[in-house]
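Visitor: Hi! Could you walk me through this structure?
Guide: Happy to, let's have a look together.

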Amino acid sequence: MLAPLQTGAARFSSYLLSRARKVLGSHLFSPCGVPEFCSISTRKLAAHSFGASMAAMMSFPPQRYHYFLVLDFEATCDKPQIHPQEIIEFPILKLNGRTMEIESTFHMYVQPVVHPQLTPFCTELTGIIQAMVDGQPSLQQVLERVDEWMAKEGLLDPNVKSIFVTCGDWDLKVMLPGQCQYLGLPVADYFKQWINLKKVILDVYTGPCGCGSDQRPLAQEKELQSQAYSFAMGCWPKNGLLDMNKGLSLQHIGRPHSGIDDCKNIANIMKTLAYRGFIFKQTSKPF
């Protein structure tokens, strides 16, 4: 992300400069740069600090949430599909809404009980072998640990706004509530609101930007129009994260269909979209 950062740092706006004055002090913007008593080495240090601070401030627009909780389940599967499917990998990345950096990770494997033996198809697809789920906690136990982790991370504080982010609606609309219903387990309220990254991508490429299309720089507008054209010509990400990364010129992280690696890719895509001025909003509907 260094290249976008350098490009963004070159586009100073009066708004960001005013913010920088408040944070760093007006002396850094005086005609002489710094007070007379500063040495040359101090000037260099001040300039470096100023650049770093400006880069941090210019990175992202304010988001609606303090934290984004990136989630991507892996579940038992086969061809033809087995029923019921059961979650076998449960990863969550806590993404700071101000910096879009990962602050904490929750990651556990889950012991399936209805179909305890993983199929060769499942292992080939997800990379999860039998030894990785044997003896692991049940879904009920993992959900209890998720709640403990949420509390520890301050995410249950009513003054802290957080929301889950998924690549598709399947994880929190189908998979988790379906398995919980099968097992007679309650679904915590925080799992009932989320952002579907696929809908976000569609909005970016074909509709308004979160910051308002009328507020986009012309060059950025042309870039998004160009991408919209390529997707309209048949490049919509049918292969999910792989195509999303390709469409955004990002390197894919890890292996496809690894839950934790998919979360890292989602986080990277979100960071890239945030650099472009996107404001993330809830896409799920109450149920």
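Visitor: Which residue forms a salt bridge with Lys-271?
Guide: Glu-101 does, with the closest N and O atoms 2.4 Å apart. A salt bridge here is a side-chain nitrogen of Lys or Arg within 4 Å of a carboxyl oxygen of Asp or Glu. This is a predicted model, where local features need pLDDT of at least 70, side-chain atom pairs count only at pLDDT 80 or more, and totals for chains, interfaces and linings use all residues. Residues are numbered from 1 along each chain as its sequence is written, and side-chain values use heavy atoms, leaving out hydrogens and water.

Visitor: Is Lys-271 buried or exposed?
Guide: Lys-271 counts as buried, at 12% relative accessibility, while Glu-101 is partly exposed at 39%. Buried means under 20% relative accessible area, exposed over 50%, and partly exposed in between (1.4 Å probe, protein chains only).

Visitor: How many salt bridges does the structure hold?
Guide: Five. Another of them pairs Lys-94 with Glu-103, whose closest N and O atoms are 3.9 Å apart. Lys-94 is buried at 3% relative accessibility, and Glu-103 is partly exposed at 43%.

Visitor: New topic: what comes just after α7?
Guide: Gly-184, which takes a positive phi of about 75°.

Notes: Helices (H or I, at least four residues) and strands (E, at least two) are DSSP runs, numbered from the N terminus.
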